[in-house]
Amino acid sequence: MRFIVKISSESYIKSRSVRAWHIKQLKRNMIKILREIDSTAWVDSMWDRLKVNCAEEYVDACRERLMDIPGISYIHTVDSYDLPEGDPLPFLAEKAIEYFSDSLIDKSFAVRCKREGLHSYKSLDVNIHLGAALLAHCKGSRVQLKNPEVTATLEILHDKVYFIRDSKRGLRGYPYGTQGSVLSMLSGGFDSSVSTYMMMRRGCRVNFLFFNLGGAAHSLGAQQAALYLWQKYGNSHSARFYSVPLDGFVADVMQLPETTFNGVLLKRAMMRVAQDISERIKVDAIVTGESISQVSSQTLANLSVIDKATDNMVVRPLITMDKSDIIDIAEDIGSAVFAKNMVEYCGAISHKPTISAALDKLEEIEQTMGDDWFKDAISRMTNTAVGDILKTLDEQPQVDLVKELNGETVIDIRATSEQLEQAELRIPFHQLNQEFPKLPQDKEYLLFCDKGIMSQLHVAYLHENGFHNVKVFRPEQDSGQDSDPAAE
């Protein structure tokens, strides 16, 4: 025996039938994940815990994986022994000295025994007997029942005793796959990665939806984030990564005479697409990383009209969280490394964005825009098994960054009236794919934008279309922010 795994308190307080279902699902998840490490690993379930065995050389690796499986409260690394016939207390005292004495010298301690089964002694008898033996054997030690420096822990389950060598806190939540399926909008930034993780931790089976606004390079960060989250927290189940190009919608919305609604229009367009996909794959809800008033499109008034673009349930795990708290979670779970490299992509820039868009006005604009963009986006949608993403990552384009000019022509692609001093041309990004082929192709070009991401995406897109005389101009590097396509 290597581990005793305690189920989360969320599952423990359920009815007998629900708890049994949760433990059964958790056992299946654990077997699938642990056998990727050790093909001989086995899991045995009990009423409120599971027993795990694996080969000695895989103990550390299995412990680390158990800490990332939703539905687990604690992972105890244990050594187990059969209880001897007759009075087991002398045997238990001998083993307690063997396991705990080195850690008790000059320390306060308490013995904690949990016991299940029919025995001639009580847990308190074990605590007293072992405490006396340790006190006599360990120099400078002292018993302190409240807030001891060291706790000597063991469990007696019927005819076996388990000495707990180490305890790790688990992920808690519900076993993955017990709470239905969702479609999570994933940009690869801090917010969407954390909201996805929170749904996975809550036991929801997650599929990923990414809105591609700039070609293959744009999807790289989101693909990596999806793969990481799935491998770490959800690979007991299969998942799909849906990529939907919205460059057609962005091009249309940027031609509107009034840009104040662009951010909200983009979010409503995303909801329409998400509803179409969720109905196809029969998931229960759409998940976003939005938080109240983090950006103009996320005021309560705007979130309300965004939700009216779909009949589906929209879940926002981060709705009341501060950005700093979200970033802290991203650091803890390991997704921050991807988010930091996903610089904000402002696909539909608004001038003086509204904080309270009127639904009738939005619907009027959407009617004039028509549905061609929607049909085009759905027809070009791709979906990939998340487990297969690794096969495509090496094929992603690499984009060169240039810090100093050496005769190249700089193109400012920002959708504002500003123009960089070094720029000879200004072509807004939403016009670039149509205008760049008209330029003299015997020159070298550099694209510039405020944060660098749009220029990188469009360079990669141009490379895909055979134009290799273009790079990115980045005189200064900015730190990454969350990738919210309609944030500005």
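# Notebook: strands, sheet and helix packing

**Entry 1. Strand S1.** I began with strand S1 (residues 3–7), where 5 of the 5 residues are buried, so the strand is largely enclosed by the rest of the structure. I note at once that the model is a predicted one.

I next asked which strands pair with S1. Strand S4 (residues 72–82) pairs with S1 in the antiparallel sense, over 5 bridges. Within this pairing, I found lysine 6 opposite tyrosine 74 of S4. Strand S3 (residues 49–53) is also antiparallel to S1 and is joined to it by 4 bridges. Here isoleucine 4 stands opposite lysine 51 of S3.

**Entry 2. The chain as a whole.** I recorded the overall content before going further. The chain has 17 helices and 19 strands. Of its 488 residues, 54% are buried. Taken along the principal axes, the C-alpha atoms fill a box of roughly 95 × 50 × 40 Å. I also looked up the range of the contacts: among those with a separation of 6 or more, 80% are between residues 24 or more positions apart.

**Entry 3. Confidence.** I checked the pLDDT, which has a mean of 90 over the chain, with 91% of residues at 70 or more. Residues 478–488 have a pLDDT below 50, although this stretch has 51 contacts in the model beyond near neighbours in sequence. Where pLDDT is low, the predicted coordinates should not be read in detail.

**Entry 4. The six-stranded sheet.** I traced an open sheet of 6 strands, in the order S13-S12-S9-S10-S11-S14, with mixed pairing. Which strands stand at the edges? They are strand S13 (313–315) and strand S14 (382–385); each has a single partner strand, so one side of each is left without a neighbour in the sheet. From one strand to the next, the twist averages 25°.

I looked at one pairing of this sheet in detail. Strand S9 (residues 181–185) and strand S10 (residues 205–212) are parallel and share 5 bridges. Valine 182 has valine 206 of S10 as its bridge partner.

Helix H6 (residues 190–201) touches S9, S10, strand S12 (285–287) and S13, and its direction makes about 165° with that of S10. H9 touches S9, S10, strand S11 (240–245), S12 and S13, and its direction makes about 150° with that of S9.

**Entry 5. Alanine 285.** I selected alanine 285, which is found in strand S12. Is alanine 285 buried or exposed? Its relative accessibility is 3%, and the cut-off for buried is under 20%, so alanine 285 counts as buried. Leaving aside neighbours within four places in sequence, I found alanine 285 in contact with Ser181, Val182, Leu183, Met313 and Val315. I also took the C-alpha to C-alpha distance from alanine 285 to glycine 180: the two are 8.9 Å apart in space and 105 residues apart in sequence.

**Entry 6. Helices H9 and H13.** I returned to H9, this time for its packing with another helix. Helix H9 (residues 262–281) and helix H13 (residues 359–369) pack at an angle of about 70°, and their axes are 11 Å apart. The two helices are therefore roughly perpendicular to each other. Which residues make the contact? H9 contributes Val264, Leu265 and Arg268, while H13 contributes Leu359, Leu362, Glu363, Ile365 and Glu366. By class, I recorded 5 nonpolar, no polar and 3 charged residues in the contact of H9 with H13.

**Entry 7. Strand S18.** My last entry concerns strand S18 (residues 445–448). Tyr445 and Leu447 point one way from S18, Leu446 and Phe448 point the other way, and all are buried. Strand S16 (residues 409–412) pairs with S18 in the parallel sense, over 4 bridges. In that pairing, isoleucine 411 has leucine 447 of S18 as its bridge partner. Strand S19 (residues 470–473) also runs parallel to S18, and 3 bridges join them. For tyrosine 445, the bridge partner in S19 is valine 470.

Key
Residues numbered from 1 in each chain as written. Predicted model: local features only at pLDDT ≥ 70, side-chain atom pairs only at ≥ 80, totals over all residues. Heavy atoms only, no water. Axes fitted to C-alpha atoms, helices over the stretch in contact; angles between N-to-C directions. Parallel < 35°, antiparallel > 145°, perpendicular 65-115°, else oblique. Contact = heavy atoms within 4.5 Å. Nonpolar A, V, L, I, M, F, W, Y, C, P; charged D, E, K, R; others polar. pLDDT = per-residue confidence, 0-100. Pairing = 2+ DSSP bridges. Buried < 20%, exposed > 50% of the residue type's maximum accessible area, 1.4 Å probe, protein only.
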